[in-house]
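Visitor: Hi! I've just opened this one and would like a walk through it. Could you show it to me?

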Amino acid sequence: MLEIKNLHADVEGKAILRGIDLTIQPGEVHAIMGPNGSGKSTLAHVISGRDGYDVTEGEVLYRGKNILDMDPEERAGEGVFLAFQYPVEIPGVTNTTFMKEALNSVRKYRGEDELDAMQFMKVIREKTKQLGISNDMLKRAVNVGFSGGEKKRNDILQMAILEPSLAILDETDSGLDIDALKTVADGVNLLRSPENATLVITHYQRLLDYIVPDFVHVLAKGKIVKSGDKSLAQELEKKGYAEFTDQAA
Amino acid sequence: MKQDNAMTTPFVDQYDGLKPALPGHALPWMTALRDRALDSFAEAGLPTQRRESWKYTNLRGLKQLELTEQALTPQPISIDRAPSLLPDGSAYRVVFVNGGFRSDLSDLAGLPEGVTLGSVAELAESQPQRVEALLAAHRDTNDQPLVALNTAFMRDGLLLQLEAGRKLDKTLEVIHVNSAENGVFAHNARNLISLATGSEATILEHHIGLNGAAYYINAANDVTLAEGATLRHYRIQAEGENAVHTSTMNGQLAGGSFYDGFTLSIGAGLSRNETSMKLTAAGARCHLNGGYLMRDKQHCDTTTVVDHLSPQTSCREVFKGVLDDRSRGVFQGRIVVHPQAQQTDGHQLNKVLLLTDTAEINAKPELEIYADDVKCSHGCSAGEVDHDALFYLRSRGLSEDSAKALLIQAFLAESVSEISDEALHDVFLNKISDWLAI
Ligand SMILES: Nc1ncnc2c1ncn2[C@@H]1O[C@H](COP(=O)(O)OP(=O)(O)OP(=O)(O)O)[C@@H](O)[C@H]1O
Ligand SMILES: [Mg+2]
């Protein structure tokens, strides 16, 4: 469902992604690991349509459509969701307002009826309950004054509400306590189906105990230098990346 | 100050001809007041950019209006309903159409005892001493040519006077509707507001232009709050896109009184909203807040001067501007803490979002502090819509336009939340949404 072919991307004239090939089939979970600065977030941003990146070569097909020409909101409509490494604070916009607008925008894109306030509240209550997230967060401004872990949970709640077909989690597990980690895992597992796929970017094996990947890839210096099954993650945790950073250079 | 004749003479030359028809002509004190004001206006001239406080705003556009004698004579237009923002019956309503009071559109039923509310022109006939006293309270216009111009030519406006301890039990909605359907015109609205000891009122003032034709409004507002009085004064300036709107407010705040002001400017091709507040005794508090939303080639000038003349007075200003296209904003905020005004608390903030490279803000905060035990701060910032926030919202499916609108709304909501009468927040938030939806 996601086909990345020979993807090259620059930031301010500097090559960051240097030929990525990655294919994800429906129902699969892929994990990407790799040293700091290797381009993991850049890859996630390019897939979700953040500006500031120059794609110099290659393509990204999502369900057969080239999504590189689409606006971020169109990609969201197509079912792509990115849980941010650093979720953004938005003063003055309450979580409820934001999520309602988001859900209705996506529903509209997908040709579904928009929800009124009552219907929306029903959805949000159901999702917070499933994920064990407190309703207090809803009235507050988006991520403002949230702890690191609360921000990540908030992203997972958004994901649960928008029901994407491709969820990309960029270090959503970093800095989380065990309970929050379970919330993240629940969020992902709630969406798992033969039609949906997940791309997990992480530095730690422990998330992968909850979200078991079908494939693990190592990204170093803008390239996927090794792929394997879940045992690769355990191996990396023991040995680190030294081997790959030399190899990629 | 050297005057610019081309802008000043059209007014001065018409004074003698118009004088006999101006309200209160039979009252010697009124005529004397007007004569003096005209002299002072003729000498100072319409403000030009040579004047320090008018550095960024240019009234030259008035020349193109070609204000003839006919233009300075009221032109009634046919309107049978005032565009009110509040449900019928929930507010007292005073309506002015092209500057003239329209009792048929107003609603003053059930006014409490001790409240005088109505048209300055009518009250100048029926209770001349009252009007004389109110006009005398602010005789010293300290070098304000536009107030002098207003005094010379004023015809009508709002008069609100509350006796000690009286509370206006409902919001007073004041609607100024203007339409140039019968040709160009200029008028000088004069609003007189005086609240005696411990009295209290809330005013929602709305200036609306009904079509795109050009006109000039030069309003002057005299506000006097006695000990412990509270005035909540919220304004929406939504004049027609080719209108020129200048408004000068002079306020005197006695001990323990509270002026809570909010002005939302969205209309007029060129507008200037100048407020001068004198805090004369301990406990006087003044909030001057607002927002200005401009697009195309609109120009909006917000100028405030707060004089702390006594110990223990405070002021707080939060202004938010959103400037699109080639529009221009001006913010001049002066806080003067006089030597005797110890323990002054002054806070001023002006934040602007520039939506294009061609929009412009000229901001000039000025703190003049002559006392040593004071707490004063000011902040000014101008920037674009937050890029990261924009992407965050769009990645969740919001279109670029709605994401921007949501962020701008949030940005402005901070200033709206300063309005102490929470029941009126929605009126302002709705106006802001309307503006964003265009
Ligand atoms: N806007 C930018 N301007 C300049 N360099 C950038 C920019 N964004 C990313 N980079 C650079 O691109 C490289 C890859 O960054 P990226 O954030 O993708 O790394 P990462 O693999 O996600 O790292 P981490 O594990 O620390 O999150 C880094 O060297 C980074 O400094
Ligand atoms: Mg990263």
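Visitor: Which order do the four strands of the open sheet in chain A take?
Guide: The order is S2-S1-S4-S5 in chain A, and the pairing is antiparallel. Strands here are DSSP runs (E) of at least two residues and helices are runs (H or I) of at least four, numbered from the N terminus; two strands pair if DSSP finds at least two bridges between them. Do keep in mind that this is a predicted model, where local features need pLDDT of at least 70 and side-chain atom pairs count only at pLDDT 80 or more, while totals for chains, interfaces and linings use all residues. Residues are numbered from 1 along each chain as its sequence is written, and chains are lettered from A and ligands numbered from 1 in the order in which they are written.

Visitor: Which ones are the edge strands?
Guide: Strand S2 (14-24) and strand S5 (65-66) of chain A, each of which pairs on one side only.

Visitor: And how many bridges join S1 and S2 of chain A?
Guide: Eight bridges, in the antiparallel sense, with S1(A) covering residues 2-11. A:Glu3, for instance, has A:Thr23 in S2(A) as its bridge partner.

Visitor: Which strands does H1(A) lie across?
Guide: H1(A) lies across S1, S2 and strand S4 (54-62) of chain A, at about 70° to S2(A). That angle is taken between axes, which are lines fitted to C-alpha atoms, for helices over the stretch in contact, and it runs from 0 to 180 degrees between N-to-C directions.

Visitor: Is H1(A) mostly covered or mostly open?
Guide: Mostly covered: helix H1 spans residues 40-48 of chain A, and eight of its nine residues are buried. Buried is a count of other C-beta atoms, placed from the backbone, within 10 Å of a residue's own: 20 or more is buried, 12 or fewer is exposed, and in between is partly exposed. Among the buried residues of H1(A) are A:Leu43, A:Val46 and A:Ile47. After H1(A) comes A:Gly49, with a positive phi near 95°.

Visitor: Changing topic, which residues come nearest to ligand 1?
Guide: Of the 13 residues around ligand 1, the nearest are A:Asn36, A:Gly37, A:Lys40, A:Ser41 and A:Thr42. Being near means having a C-beta atom, placed from the backbone, within 6 Å of the molecule or strand in question. H1(A) gives the most to this shell, with three residues.

Visitor: What kinds of residues make up the shell?
Guide: Two are nonpolar, nine polar and two charged. Ala, Val, Leu, Ile, Met, Phe, Trp, Tyr, Cys and Pro count as nonpolar, Asp, Glu, Lys and Arg as charged, and the others, Gly among them, as polar.

Visitor: At what angle do H3 and H6 of chain A cross?
Guide: Roughly 35°, with the axes of H3 (95-109) and H6 (148-162) coming within 10 Å. The residues of their contact are six nonpolar, three polar and no charged.

Visitor: Why does A:Lys151 count as buried?
Guide: Because A:Lys151 has 23 C-beta neighbours inside 10 Å. Its place is in helix H6 of chain A. Leaving aside neighbours within four places in sequence, A:Lys151 is in contact with A:Pro87, A:Asn143 and A:Phe146; contact means C-beta atoms, placed from the backbone, within 7 Å.

Visitor: How many residues do chain A and chain B each put into their contact?
Guide: Chain A gives 21 residues and chain B gives 17. On the chain A side, the largest share comes from H3(A), with five residues. That side divides into 12 nonpolar, five polar and four charged residues.

Visitor: Over in chain B, how many residues of S11 are buried?
Guide: 10 of the 10 residues in strand S11 (244-253) of chain B are buried. S11(B) pairs in the parallel sense with strand S9 (216-225) of chain B over 10 bridges, and with strand S13 (270-279) of chain B, also in the parallel sense, over 10 bridges. B:Leu225 stands opposite B:Leu253, while B:Ser247 stands opposite B:Asn273.

Visitor: One more: what is the phi of B:Gln343?
Guide: About 55°, a positive value although B:Gln343 is not a glycine. Most residues other than glycine have a negative phi. B:Gln343 is found in the loop between strand S17 (328-337) and strand S18 (344-354) of chain B, and counts as partly exposed because it has 15 C-beta neighbours inside 10 Å.

Notes:
Two residues are in contact if their C-beta atoms, placed from the backbone, lie within 7 Å.
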